[in-house]
Amino acid sequence: MSDPKITPELIRQHNLTDEEYQLILKQLGREPNITELGIFSVMWSEHCSYKNTRSLLKGFPTRSSNVLVPAGEENAGVIDIGDGLAVAFKIESHNHPSAVEPFQGATTGVGGIIRDIFTMGARPICAVNSLRFGKLDSPEVRRLFRGVVAGIGHYGNCFGIPTVAGEVYFDESYEGNPLVNAFSLGVLRHEQIARGAAQGIGNPVFYVGPATGRDGLAGAAFASQDLTEESAEQQRGAVQVGDPFMEKLCMEACLELLATGAVAGIQDMGAAGLTCSTCETAARGGTGIEIELDKVPQRGPGMSPYEIMLSESQERMLIIVHKGREDDVKRIFDKWDLPWAEIGFVTDTGQMVVKHHGEVVADLPAAKLADEAPIYHREAIEPEYLKETRGLDLHSIQDTTDVEGDLHALMAWPTIASKNWVYRQYDYTVRNGTMVHPGSDAAVIRVKPDSLPVLSEDSPNRDVIPPEKYLAMSVDGNGAYVYLDPYEGGKIAVAEAARNLACSGAVPLGTTDNLNFGNPHNPELFWQLKEAVRGLADACTYFEAPVTGGNVSLYNQNPKGAIDPTPTVAMVGLIEDPSHITTQWFKNEGDVILLIGESLDSDDPYQGLGGSAYLKVRHGLKKGLPPRCDLTVEKNIHNALRGWIAQGAIQSAHDCSEGGLAVALGECCISGESARHTPHLIGAEIQLKRAEQDRLDALLFGETQGRIIISVPSVFVGKITGQAEVMNIPVEKIGTVGGKTLSIVVDKHQFDWDLSKLHDAWFNSIDQIMES
Amino acid sequence: MTQVDTETELSTISDQGNASKFSFGVLQFPGSNSDQDCVNAIEVLGHEAHYVWHKEESLGHLDAVLVPGGFSYGDYLRAGAIARFSPVMRALADFAENGGLVLGVCNGFQILCEAGLLPGALILNRSLQFRSEFVHLSTVNSDTPFTKAIPADQLMRVPIAHGEGCYFADGSTLNEMESHGQILWKYATAQGDVEDHANPNGSVHGIAGVCNKAGNVAALMPHPERACQEAIGSADGQWIFRSLIEHLKDAK
């Protein structure tokens, strides 16, 4: 059977433009065959090549004195955490597959990110995820939500790492385009960092893991286009199928193999499977690779070279082994009963050569494929819609007359409500490392000796027991803010992550970002991307939390429109001492409640209500400008808080975000719990000062940035307020912990909330929607 | 009800003059994922833990064996269904037959039931969802190697993490188990009441853990090995391991 002829139609079906095809002709000096066309189409897809965003991503800060492997070099960045230990972490999306097949889309998203971590030689020890869905009143949205959460739980739980933190937002802009961003973090010793380069001419190339099937075929190309009504039917085959059990075995075997010193290079087969792993390792090594597809384990008979090269069957790894060490692979993979096959060798030609039944079916320049995809500088035009959104006149909105109803509505709003329906499906205690479970501002896990991959027998560190380390993690990203002001919204996403880390007692170490945006060919949407990246970059630089890697997911739109531009930011921080670990709920009756930061930004024409949850929930509006983010103010506040935590002064710390001060106070009163049906409700008596021009709704629910609520034993109050004055940080006493209600007094008005009722509305909101 | 401050209480139980450490085996199946947690718990308590690979046909000299949590063999077929055919399980059956102490946790419970070493079976949570949360356990029979060190009325706060944790046994089996004191732990409220809403998975009679008739093999769905240090949420799980250690000491 002869190959199909390359026609313009076929080129289009492969998501390549005519210009790109011309470039291929130029690079090859001839026409490609169908297999080669397929290879180019996945390697030059947005997902693999970042062709539309590479120029923007250059703006990210990627270096610091802690960075051991910077962004862009390998599958994940690596950061030093002291005492010879390091962490590898990254976030990635699986949005398009989850829209079509939520369980498998989400589960393989988790599987994929875990592989990116252990391919660096690190043992993955936790997962975090950031999710976006449409509104929960739609049965279709509930179906996606249920499937995605079950899929995430399935992979993490079976693989055996705790899923310790996350966020979920519900907004109509994500209807039909759910966002599933999965993060994982692993640990290793510096000496264990593994690279994905095909080193050593003549070294054998091994394939390990389950057989290759037709699932996930061209998933990378699928991810690089808009979703349509036909997508669900046509693209289901592009959704990969995951097996976390297989991946657990594969990881253990790979880590054991790495400890033998037999590995010259290792790369997981993720997007674009065998294609990407062979060509990227060759490109990094400055070498070539030759493989014979007959040797690749296949799930069914008669798979074509095209299918084998483009398959995204999961849980497979490519391992380049030092010549002479082949027996180590066989011994270890046989021990774990895992399939393996020697499929090729490293050459010095710089070409990626693929054979099938002994005949060459692809012969392509590896470096050109991996590194010389076209780079586009798309047009960016400030969107028309901003004229309307920025035209909001706050005076046209009546101030609140039902504060009690407002708080109830906000606390029950799914985006703000407790996410326990989600995280009670995630094992968060496995590996005995989780010190702050889901439910606080940031998760905290500890790194202990069994967190590390097994060491090589001749390592000088064999008998060195490293000290415990404490890591905090948070993932954040408010799409509404970015929609209304991409630059400011981008800054805030980072500032919020840093603030959450500070509240847990941590110093930021590094960041990983997932940019979820619409079609980059639309100049207005590209402008959103450009501006958001600028905001993210400025803030990451300011907080000295370099970007270690991340992911770009474009084309998140369907015929109804694009999603709110949503960069999600996952930040990792280090806590010096376990006594500094801080949680968000009030602890003791009698503790004094202080507010760090200005309660209202006098320069904000929207008084913190622009883009706020309150404006959305109570007035159905997504308008205005988001609150201003002053990076200097933020950094000073975070530093001050960490200092007070180190002095032992802080009982609880919680930042103000969606829903503002009143929601944050509510959460401080009701979010503590020790077990099933065992919440620890603890009241507060609050008195707030209000200037004449301050709206009541803005004071209580405005989302002015740079604010943290702390509770401290009364004996520390003088010290804190004194130090704050010297540091020029606004700190004000706003109340006392105690009682059975949350009571807020503003001027002559007193507002009260019964804690059990508030807790019931907040805790059970999503459960009631999903389980009735 | 006054609760003993577990960590303080336990720290005063000293291994007076007992320099020897007991040796706990921790079975490892493909897909076990809480094996390192069992090792961690035993080491926190100052004793030795050794992994025993599923292909081993002999356990070696061990004082007790732990069958850990996880998804052995991917939970293919039924949770624990394939693990029971592993070579190491024959050695385990012999060990149990000779009175050796065996404690199964979560997937370990499932494996022991599939292997016929414990009565009953574990099926899908009634919620049809995976459940991960801290629960309270009330001890029903304090006169076993697994419970003898647990103070009267002491509730244990320990985490669960399972999708198939609903314990089932038919009426006559349950009657027999009850009359032989084989019900060891039940799910309870923070006040110690064994009530429906304290039950996270629908287990009959709120049963969280059981033992065999001979009283040397026990298992529970909650994870005591994940509750041996306050730093990670609770140290109450230590009571179960302390009971085993005390029993081993008494037997010497």
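Two strands pair if DSSP finds at least two bridges between them. Helices (H or I, at least four residues) and strands (E, at least two) are DSSP runs, numbered from the N terminus. Keep both rules at hand for the tour.

This is a predicted model: local features need pLDDT of at least 70, side-chain atom pairs count only at pLDDT 80 or more, and totals for chains, interfaces and linings use all residues. Residues are numbered from 1 along each chain as its sequence is written, while chains are lettered from A and ligands numbered from 1 in the order in which they are written.

**Stop 1: the chains**

Select chain A. Its secondary structure comes to 27 helices and 30 strands. The radius of gyration, taken over C-alpha atoms, is 26 Å for chain A, close to the 28 Å that the globule rule gives for 772 residues, so chain A is as compact as a globular protein of that length. The globule rule is 2.2 Å times the number of residues to the power 0.38. Along its principal axes, the C-alpha trace of chain A spans about 85 × 60 × 50 Å.

Switch to chain B. Here there are six helices and 11 strands. The radius of gyration of chain B is 17 Å, close to the 18 Å from the globule rule for 252 residues, so chain B is as compact as a globular protein of that length. Its C-alpha atoms fill a box of roughly 50 × 45 × 35 Å along the principal axes.

**Stop 2: where the chains meet**

Show both chains. Two residues are in contact if their C-beta atoms, placed from the backbone, lie within 7 Å. The contact takes 29 residues from chain A and 31 residues from chain B. On the side of chain A, select α8 (139-159), α11 (244-259), β14 (434-436) and β24 (673-675): each supplies at least two residues. Colour that side by class: 10 nonpolar, 11 polar and eight charged residues. In this scheme Ala, Val, Leu, Ile, Met, Phe, Trp, Tyr, Cys and Pro count as nonpolar, Asp, Glu, Lys and Arg as charged, and the others, Gly among them, as polar.

**Stop 3: a sheet with a hairpin**

Stay in chain A. Seven strands make an open sheet with mixed pairing, in the order β8-β10-β7-β11-β9-β12-β13. The edge strands are β8 (263-268) and β13 (359-365), and each pairs on one side only. Neighbouring strands are turned by 20° against each other on average, direction ignored. Axes are lines fitted to C-alpha atoms, for helices over the stretch in contact, and angles run from 0 to 180 degrees between N-to-C directions.

Select β9 (residues 288-292) and β12 (residues 351-356) of chain A. They run parallel, joined by four bridges. A:E292 stands opposite A:K355 in β12(A).

β12(A) and β13(A) pair in the antiparallel sense over six bridges. The bridge partner of A:V353 is A:D363 in β13(A). These two strands form a hairpin with two residues between them, and A:H357 in the turn has a positive phi of about 50°.

**Stop 4: another seven-stranded sheet**

Select the open, mixed sheet of chain A in the order β23-β27-β22-β28-β26-β29-β30. β23 (652-655) and β30 (749-754) each have a single partner strand, so one side of each is left without a neighbour in the sheet. The twist averages 20° from one strand to the next. β23(A) and β27 (residues 708-712) of chain A pair in the antiparallel sense over four bridges. A:S652 has A:S711 of β27(A) as its bridge partner.

**Stop 5: two helix pairs**

Select α24 (residues 660-670) and α27 (residues 755-771) of chain A. Their axes come within 10 Å and cross at roughly 100°. α24(A) and α27(A) are therefore roughly perpendicular to each other. Angles under 35 degrees count as roughly parallel, over 145 as roughly antiparallel, 65 to 115 as roughly perpendicular and the rest as oblique. Show A:G666, A:C669 and A:I670 of α24(A) against A:L755, A:L758, A:H759 and A:W762 of α27(A). This contact has five nonpolar, two polar and no charged residues.

Finish with α20 (residues 486-504) and α21 (residues 523-542) of chain A, which pack at about 40° with axes 7 Å apart. That makes α20(A) oblique to α21(A).
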